[in-house]
2 protein chains.
Amino acid sequence: MSDQQLPDTHHLVVVGAGFGGLQLVRSPKVGGLRITLIDQRNHHLFQPLLYQVATTILATSEIAWPIRRLFRERDDVTTLLGEVTGVDKEGRRVLLDDGSAIPYDTLVLATGARHSYFGRDEWEALAPGLKTLEDATTIRRRMLLAFEKAERETDPAARRALLTFAVIGAGPTGVELAGIIAELAKQILWREFRHIDTRQARILLIEAGPRVLAAFPTSLSDYAKRALEKLGVEVLLGRPVSDIRADGVTIGEEFVGCRTVVWAAGVAASPAATWLDIPADRAGRALVDPQLNAPGHPDIFVIGDTAAVPTSDGKPIPGIAPAAKQQGAYVAHVLRARLAGKPDPAPFRYRHQGNLATIGKSAAVVDFGWLQLRGWLAWWFWGIAHIFFLIGARSRVAVAWSWFWTFISGQHSARLITQGRKAGNADASPTDRKTT
Amino acid sequence: MSDQQLPDTHHLVVVGAGFGGLQLVRSPKVGGLRITLIDQRNHHLFQPLLYQVATTILATSEIAWPIRRLFRERDDVTTLLGEVTGVDKEGRRVLLDDGSAIPYDTLVLATGARHSYFGRDEWEALAPGLKTLEDATTIRRRMLLAFEKAERETDPAARRALLTFAVIGAGPTGVELAGIIAELAKQILWREFRHIDTRQARILLIEAGPRVLAAFPTSLSDYAKRALEKLGVEVLLGRPVSDIRADGVTIGEEFVGCRTVVWAAGVAASPAATWLDIPADRAGRALVDPQLNAPGHPDIFVIGDTAAVPTSDGKPIPGIAPAAKQQGAYVAHVLRARLAGKPDPAPFRYRHQGNLATIGKSAAVVDFGWLQLRGWLAWWFWGIAHIFFLIGARSRVAVAWSWFWTFISGQHSARLITQGRKAGNADASPTDRKTT
C-alpha cells in the first residue's frame, strides 16, 4: 500500500464523509499533507433532504454522491470504504473491521450521530429513524404498504390503524415528515384507491415538549403548528410517548392503534468518545477542548455531531450541517498553520447563520435571528438555498426537476415499495428492519 | 368490498402489471366491464432499461411507476398489491397469499418469467439475474463493492479475482451489461482509485452458443462482438459454464477466479401453468390455444413470457416487450367482441417489429428484418425509441437528463452502494441475496 511509501509527508486520516469531514478534505490541497478519508458508506449523503426520499419526492441518487468521485482529481486524497472499530492512540493507528490498521499523524473523527431511543432500544425496530438512505426507503416502504394493506383490509379497526401514521418528535425532521405525509394522504393518493378514502388518514405529530420547532422563536413555532393543522396533521404537544408496540403507540395513558411509526425524537453520538476513551456528555458526544482536540491529544480532533464543543455562552452548538462544516473548515485552518510551523489559531467559534424548516409544499419558516420569514417567501428561500448547497450541476438539475414536477403535476416521482420482495412478506414487522 | 356490489358487470381479473397486463388494462374503457389488476409489486417496471440501474446510469424511480397512479382516473379499475398463490378454476376465483380469494368472470394471467439456472438453483445466490429493481441494486452493490475491496486488498491473486467480472449469457441483457461494466472500469473509475488500476479489470462475457446476440443476423452479431472487444470485454463463445462458486467460475474445464458474476443466460416462466394445471413447455410456459386461452377454458387467458403461443411458422414468439403488448391488446380486442355479443376475432398473430441492443455508450445494433442499422445511428435510434416508450413526461425528462449528463460529463449518476448497511458485512456473499 502506498501509505508507507511517502514517509516525509504528514498523514491525515479523516473518519466520516458527512458535512464536517467533507468540508475538511475539500479544503485546498496543502503541500506535504496526504489524506485518507474513511467512511462505512461509499456515498456522501445530503441529510437535510433525506425526508423527501422517505416521502417519495426524491430518488436516492439525487441526494447522494460517491465519495471517491468528489476527490478523483485530488491525488493527495485516498478514499477507503471501511468500518472503523477503534483507535490505538499510543500507536497512532485507526483500527478497521477487517483487522487492518491505518497509521496516522493527525486523526479527525467526524462520525456523526444515530438515533437514540432513550434506553428503549426495542423501539428501533418498530419506529425507524431517518439517518441513512436505507432508513428513508424503509420508512417509504412501510408508509406505502400501510395504504396498500388498508385497501385490502375489511376489518374497520385494523383499517383505521393502517391509516394512522405517528411521527414522534416535532423538530425540523418530524415537522417536515408529518407535513409531506399529510399532503400525500389528503391531496395525492385519495383518487387512486377504491375501497378506502386516504383523506380520512390520521397523521399524528407527537411531541413531549410544549411546542413544535423548539429551536425557533415562539411566533414561528405557532405559525408552523397552524400550517401543519391546515394540512390535516394532528399536533399533540406536551404528550410524551410511553410505549410503542407493533399495533400502536401509547401517548401518555392513551393507546392509539397505529401501524406506521417514525422516530424523529432524539439522537446519540457515534462511539468516537469510547474509541478514544475520553469523557462524553449525556448524548455520548466527546468533550473536546476549544481547539476541537481530544483533551491532551493535539493530534486527534473530534468534530460535528459526535463532539461536544465548549462555547463562550455555554449554549450547545446545534447538530446542523453548517456547524459541522465550520468545524471541518476550522480543522483545515489549524492543520495549515501547524504544517507551516505557525502557532495554533484562536479557538473555534461557532457562527450561527439561521434555522430553516418546511411544512409541506408551500410553507416554511426561516429564522436568521435578525430576520424571520414564513409562508411562501420562506419556502422559496428554503428551496433555493437547498438547491445551492447540493453538490454539482447534475443533482441541482435533477432535484429542481423533481420539485418542479411535483409542483405542476401534484404527483411524487419516487413512490416505490422496494426491498420487501413480495406483497405478502413485506410486512412492516419488527423484523424487517434487520433485513434492509 | 365493492367486488360483490355490481353483479351486473363482467369482472375481469388481470394478474401481473408488466407490459402485457398493462397494455390490456390501459385499453379504452368498456361499458359493463370492471377490472381488478393484481401485482405483487406496487410498480410497473420498464425492464429494457433495468441494466442501466444495475450499472449506475439510472435511478430506480426513473424506470418504475406506481401502478395505481396509472389508473387513478379509471374508476372501472381497482389495483391490488397482492401475491397470487393459485387459481380455483371451478369456483372461478384467484387465490391470494393472505387467504382471500377474488372471484372473476374472465381471468388473464400475465405473470412473466424469472431466471432459470438449468437445475443448478444453488447458482442463484452466487450469480444474480436481472428482473427486478432489487436484482439491479444487488448487482450494482456487488460490482461497486468489488472495486472497493480491491482497493483495500493486498494479496495480488485476491485482488485479481475482485477485479474480474463475469457475465454469463450473451443475449441483449448480457451484451448490454458487459458493455457498460467495461466502460465503467476502463473509462470512468480509474482516476478515483489510488492502489488499483481499474483499467486492468477483466470483463468476461461467457456464452455457450457460437455467437453473441443469437437472435440477430450474423453480420450484426459479428459487429457487436467487435464493438464489445473494442471496449475491452473478453468475449468467450462456445464456452458453457460448468460451475459457479463464491471464488470463481469454471468455464468448460478452466477455473477463473472471479468475485462478481451476473446471470443473463436463461429464464423460466412463472407458475401460471401449474396454477391452472395445464400442459407447459420445457421452460414452464403454459401451452395456450391460438386465442391465447387455456385449453378448454375460454374464460382464462395466458399472455406474455408465461405463455407458449402456437405460431403458423412454428417459430416461438420472443420474450420481448412488444410481443407481450400485442397479446395484451389482442385480449382486450377479444373481450370487447364478446361483451358486444360478437363472435371471437381471428386467432392472435404476432407481428415482429425488430430487435435492438446497445453496446456501451455509442454503439448499437438494430434489426428490422428489411433494414439493419449499427453504430451511432443505431444507438440514437435505440435511445429515442426507449425515451418514447417510457410512460409520461416526468420519466422522459429524467432519463434524458441522466443520459445527457453521462454523455457530457462521462460520469454516472447513481453509483450507490445501498442495503449492505456497512462496508464490513456487505460482502457479496452467498447469503446477501436473502436479505435484499
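Modeller: Residues are numbered from 1 along each chain as its sequence is written, and chains are lettered from A and ligands numbered from 1 in the order written. In this predicted model, local features need pLDDT of at least 70, side-chain atom pairs count only at pLDDT 80 or more, and totals for chains, interfaces and linings use all residues.

Biologist: What should helix H11 of chain A span?

Modeller: Helices are DSSP runs of H or I with at least four residues, strands are E runs of at least two, and both are numbered from the N terminus. The expected span is 1.5 Å times one less than the number of residues. For the 18 residues of H11(A), 392-409, that gives 26 Å, and the end C-alpha atoms are 26 Å apart, which agrees.

Biologist: Which residues of H11(A) are buried?

Modeller: A residue is buried if 20 or more other C-beta atoms, placed from the backbone, lie within 10 Å of its own, exposed if 12 or fewer, and partly exposed in between. Among the buried residues of H11(A) are Arg394(A), Val399(A) and Trp405(A). Seen down the helix axis, the buried residues fall within an arc of 125° (taken from the directions from the axis to the C-beta atoms), so they line one face. On the other side, Phe404(A) and Ile408(A) are among the exposed residues.

Biologist: Is Val302(B) buried or exposed?

Modeller: Val302(B), in strand E21 (residues 297-302) of chain B, is buried, because 34 other C-beta atoms lie within 10 Å.
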